[in-house]
Amino acid sequence: MKAFALGAMAFCIFASTCLAAEPVEIKLAYIGPAKLPSTLSLVDQPADDDGLAGARLAIQDNNTTGAFLDQRFTLEEVRLKDGADAAAAASALADGGVSFILTDLSADDTLRAADAVRQRSAVILNVGARDDRLREEDCRANVIHVAPTRSMLADGLAQYLAWKRWKRWLLVVGSHPADRLYADALRRAATRFGAKIVAERVFEDRGGARRTDSGVTLIQRQMPVLTQDAPEYDVLVAADESETFGAYLPYRTWDPRPVAGSAGLVPKSWDAAHDQWGAIQLQNRFVKLNSRRMTELDMQAWTAARMVGEAAARTHSGDPGKVSDYMRSPDFSLAAFKGQSLTLRDWNLQLRQPILLADGRMVVSVSPQEGFLHQTSELDTLGVDRPETRCKLK
Amino acid sequence: MWRACLLLGSMAVCLVGASEPSQAFTAYVSNEKSNTVSVIDTEKWAVTKTIKVGQRPRGIEVTKDGKYVLVAVGDDDTIQMIDTAKQEVADTLPSGPDPELFVQDAEGKILYVANENDNLVTLIDIARRARVGDVPVGVEPEGMAISPDGKTLVNTSETTNMAHFIDTGTREIIANVLVDSRPRFAEFKRDNSELWVSSEIGGTVSVIDPAKRAVTSKIEFSIPGLRREAVQPVGMSITKDGKTGFVALGPANRVAVVDGGTHKVTKYLLVGQRVWHTAFTPDEKYLLATNGLSNDVSVIDVAALKVIKTVQVGELPWGVAMAQQ
């Protein structure tokens, strides 16, 4: 009888109707912005379902496994317009029985959402915000961070530049707050891994359009001027999260130098070209489902929803408390095509993860680099480590 | 038995040996990056031929009749059949996309292939070269093993993290056993008393009771000076008597020797870099282990538990299969 029931469940994956026992339902939601950011390169322009598509694939993966365990995962999708109330959106989801809310929101909105659902014991899985402060002075006990921080990304890049012995950096920083935060992380990384910032330049964003019919002629004149008369340097490191100038730098610098940071060699959690450690299988599944390549935001959302699925499978439970406790326990780990298991830092609930360094076509390297040692996990050579943390989980 | 006699005067003195003289077998090693299969003579411990195959050869096995070597060439979406007499590719099997690992039934008639892209185990009639059925399983099916009585097929799914028990008669799943992260390979003991499943990212081998279909113990690995994450068990071979298991530990660059009774590691044998899969010579005197990143194969003396030889092969050697001749 049991054999029959399991056979029937396996069949359910492919059939719309299902005769097996009522499965336990585990509700997830995704809150993302309605308006997507503009990028300098058309190639980088995010799709409408950027991030969301990764969460949907993970839900599908969770449900394939769930069919064998009598668990069913659902995903509610919410898009917030500029200025919309993130706290109200999160509260409404929690009131509707959603226990795990994936967010791609600004740091402030992430905190508003987290504080709004705190009493309802819902967990926020931050898939979009890179801000270190969310893991440090503004950390929350009900927020798990899947996105890598700016400091993790900067450290991943700095380790590779140290390995290359490109120790003299010219730092070019954008004029927006996010650019300045990334620059802070890069300065910290330079100090940690023995690089020297020989000079800094600021690219002032005067609000020009990203698309113009004859822009290339102008850019070709601007970028050499921006980078001329610099002291001797090995690599130009750009901090441009706002997408106002970074992608203009390669091949246009005054001195012939490689570019890294926000353009050229970019540190990121995932890349469409990543195919090691079985990643090709995930990439294939994603392309098949979405007819486009998988971005880092897609991967961060996939990872978050898979973390919930993994914890539910291991605990054989749909109880939100049990699932979320398991995610925070030392037994929890996730396989995510990065060559080693991913675990949570217990002091601030940040997911440890290798950082890929990609040039837009290929994955050039993966950090941590060989030789950067750590007493507990080499992944803790990336970002703010336990002894330095300002987080007190509450 | 072998016998060597000397005539000393009128007295015949005979030396009687207890074992067969060392016999030559043939090992086939798939080289993932070179798109070749290296043929190794196990007497000379030398590569005697390099066979050109399709793109990204990984899973490799000899058919039960010894006539073919089957090799999954993932990027060509097929399984190629190498004629062992001619030592060249003779035919292909319709595996479905990106095949990696597969297993034959006891008679060598049906081939079960893990079809990772579609979450299916695909059944192929080897003689007819035809796809005859599918069984839906978990996300990213990978490891495949068939029970000694032929009644149960086990498939491991890498993202679902389960060993699925499939009835080979009804072709339906009869049980699912949760194991540690990213289960890669499954191997039965010959007496059907245990099924071992290696978890690459979990870093353990789960020992499953095939009758109860439950994990009864876990083999743990601890190598001084190595981080836990570097220990990634993949390929395994268990001796016919079930007393000793060998587990390839990937980037830990070691093969663990495991006591089949206590499930404790008794020794770590240092081999080449990123050791992936293993196979015994038919007489079980030697175990071959492929070292992906050092482009060679380590030869382990099973009785002495020592690495006695290293044979250079192609780039990124992945799987190894052994033939009688």
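Buried area here is the accessible area (1.4 Å probe) that two parts lose on being put together, summed over both. By that rule, chain A and chain B bury about 2,500 Å² between them, 51% of it on carbon and sulfur atoms. On the chain A side, select F68(A), Q281(A) and R314(A): these lose the most area to chain B, together 23% of what that side buries.

Some housekeeping before moving on: this is a predicted model, where local features need pLDDT of at least 70 and side-chain atom pairs count only at pLDDT 80 or more, while totals for chains, interfaces and linings use all residues. Residues are numbered from 1 along each chain as its sequence is written, chains are lettered from A and ligands numbered from 1 in the order in which they are written, and side-chain values use heavy atoms, with hydrogens and water left out.

Stay at the interface and show both sides. Counting contacts (heavy atoms within 4.5 Å), 33 residues of chain A touch 33 residues of chain B. Next, pick R227(B) and E378(A), which form a salt bridge with their closest N and O atoms 2.7 Å apart; the term needs a side-chain nitrogen of Lys or Arg within 4 Å of a carboxyl oxygen of Asp or Glu. Across this interface the rule finds 3 salt bridges.

Which elements of chain A give two or more residues to the side that touches chain B? Colour helix 1 (2-12), helix 2 (52-69), helix 8 (279-290) and helix 9 of chain A. Helix 8 gives the most, with 6 residues. Helices (H or I, at least four residues) and strands (E, at least two) are DSSP runs, numbered from the N terminus.

Now for the rings. Phe, Tyr and Trp rings (for Trp, the six-membered one) pair if their centres lie within 6.5 Å; planes under 30 degrees apart count as stacked, over 60 as edge-to-face and the rest as tilted. The whole structure has 7 such pairs over all chains. Zoom to F193(A) and F372(A): their centres are 5.3 Å apart and their planes at 90 degrees, so this pair is edge-to-face. F193(A) sits in the loop between helix 6 (177-192) and strand 7 (196-203) of chain A, and F372(A) in the segment after strand 14 (363-367), 179 residues apart.

Then jump to W302(A) and F337(A), a tilted pair with 5.7 Å centre to centre and 50 degrees between the planes.
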